[in-house]
Amino acid sequence: MSENKSEITKNGFLLLSRYRGAVMGMAAIMIFVFHGWISVIPKSPNAVISFLHDTEFFIRRVSYFGVDIFFLISGMGLTYAIKKDPLPKFYYRRLRRIYLPYLAAVLVSTFINKWSFLTFLGHATGYTFYAEHVNSYCWFVPAIITFYIFFPLYCKAFDKAKNKFVFTTLVILIWLAISIAVAGFMRIDLYSFTNRIPVFITGIYFGYLAQRKDEIVFKARHYLLLIFTLAIGLFLYYVYVFLGFSLFLPEGKLFLPNIIMSVSLSLLVAKLIDILMRRVTVLGKIVNYALGFWGKFSLELYLVYICLLVPFFGMFVLALSKYHLTALPVNLIVFAISSAIAWTAAHAFQYFWKLVELPFSHKKTETK
């Protein structure tokens with residue numbers, strides 16, 4: 001990045017852009033906690049231990065909004081990517097990054113579950129996502145590919161808008177009005193997908209703010225407001241999920257707390273890493289590198305969870321009693337194995353594309 005350190009420190013959106021790899025890594029860990037974390041703190045009549053158990057359970061459930069952070073950061077990253085390449089190359093790079101890991105995951109799941117060829121084809125093409133149920137198989141990938149497809153068209157309208165904030169707000173309000181209007185006849189499960197549109201659009205707006213030449217200064221009061229906003233999001237999540245509160249939309253009603261939590265937490269984490277980098281440099285580098293490490297293969301890690309962790313979750317629970325392990329070591333072992341598989345797969349995919357693109361790179365060299 002061309003911005004100097006003082007500018008990055010002041011501008012929260014630039015901070016989020018600078019540390020987006022670490023934020024993606026955090027989101028990947030959150031998804032693991034949601035899908036595969038075995039409770040460490042047992043139920044107990046003791047009030048303190050009971051509170052800690054309930055808190056752990058709440059953290060596991062609320063970690064689902066790590067997916068919303070993926071959408072937020074993806075929208076932000078696309079605003080940079082669209083400016084680097086012509087449209088065909090933009091689409092190629094996006095699909096290259098996401099589809100090969102997805103296809104590999106479908107193949108593995110087909111082998112494990114003994115799916116028919118038609119079932120494999122339905123998941124591999126995303127047909128089941130649209131025609132049957134969004135949760136047919138790994139809904140995130142067909143959803144983000146859909147966003148990729150429509151992003152350049154949205155970006156054209158966004159670029160022409162004089163006031164980007166007003167434009168973004170109007171689009172989200174229009175989305176909300178349409179979502180309410182179609183509630184009577186649209187498949188309910190589709191809301192789990194369409195309710196991610198606002199956070200993705202917000203990410204696009206954040207990408208624009210990060211690239212503005214004029215400085216956007218974040219002060220202490222702004223971060224205090226973000227902490228307060230995160231608390232509101234967590235409270236809303238609690239009343240929505242645990243108390244059955246509903247607002248506007250039938251299923252996937254968590255669009256409001258999810259967008260509040262994903263935006264506030266992402267900005268706060270980016271700022272926290274920046275503070276550590278400046279004041280406790282060694283610790284800051286360790287945190288940034290560690291989270292960034294998982295951020296580099298967050299997609300593969302997510303797919304490993306879906307392919308291996310969820311189907312074999314019962315096996316890991318059985319290991320608790322069979323091998324006399326406590327929950328925490330099992331959690332750490334499973335996470336380490338998942339990370340190793342995902343890291344290996346990510347490097348294998350990179351090597352594959354290098355082999356595929358090698359002849360074309362030679363042709364470009366010869367032409368020059």
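User: At what angle do the axes of helix α15 and helix α16 cross, and how close do they come?

Analyst: This is a predicted model. In it, the axes of α15 (residues 281-296) and α16 (residues 298-309) cross at roughly 65° and come within 5 Å.

User: Why are α15 and α16 called roughly perpendicular to each other?

Analyst: The label covers angles of 65 to 115 degrees. The crossing is roughly 65°, and α15 and α16 are therefore described as roughly perpendicular.

User: Which residues of α15 and α16 meet?

Analyst: On the α15 side they are Trp-294, Gly-295 and Lys-296, and on the α16 side Ser-298, Glu-300 and Leu-301. This contact divides into two nonpolar, two polar and two charged residues. Gly counts as polar.

User: What makes α16 mostly covered?

Analyst: A residue is buried when its relative accessible area is under 20%. In α16, 11 of the 12 residues are buried. Among them are Leu-299, Tyr-302, Val-304, Ile-306 and Cys-307. Ser-298, Glu-300 and Leu-301, which meet α15, are also buried.

User: Why does Leu-234 count as partly exposed?

Analyst: Partly exposed lies between the limits of under 20% for buried and over 50% for exposed. Leu-234 has 29% relative accessibility, so it counts as partly exposed. Leu-234 lies in helix α13 (residues 220-241).

User: What is Leu-234 in contact with, leaving aside its neighbours within four places in sequence?

Analyst: Phe-58, Val-62 and Met-261 are its contacts, where contact means heavy atoms within 4.5 Å. Asn-258 is 24 residues from Leu-234 in sequence, and their C-alpha atoms are 8.8 Å apart.

User: How do helix α12 and helix α14 pack?

Analyst: The axes of α12 (residues 197-210) and α14 (residues 255-279) are 10 Å apart, at an angle of about 30°. Angles under 35 degrees count as roughly parallel. Their crossing is right-handed.

User: Which residues make up the contact of α12 with α14?

Analyst: Pro-198, Val-199, Thr-202 and Phe-206 in α12 meet Ile-259, Ser-262, Val-263 and Leu-267 in α14. Six of these residues are nonpolar, two are polar and none is charged.

User: Which residues of the largest nonpolar core touch the most other members?

Analyst: The core has 104 residues, and those touching the most other members are Ile-69, Phe-71, Phe-140, Val-141, Ile-144 and Phe-206. Phe-206 is also one of the α12 residues that meet α14. Not counting residues up to four places away in sequence, Ile-69 touches Val-23, Met-26, Ala-27, Met-30, Ser-262, Leu-265 and Ser-266.

Definitions and conventions
Residues numbered from 1 in each chain as written. Predicted model: local features only at pLDDT ≥ 70, side-chain atom pairs only at ≥ 80, totals over all residues. Heavy atoms only, no water. Axes fitted to C-alpha atoms, helices over the stretch in contact; angles between N-to-C directions. Helix = DSSP H or I, 4+ residues; strand = E, 2+ residues; numbered from the N terminus. Parallel < 35°, antiparallel > 145°, perpendicular 65-115°, else oblique. Core = buried A, V, L, I, M, F, W, Y, C linked by side-chain atoms within 4.5 Å. Buried < 20%, exposed > 50% of the residue type's maximum accessible area, 1.4 Å probe, protein only. Left-handed = near helix turned anticlockwise from the far one by under 90°.
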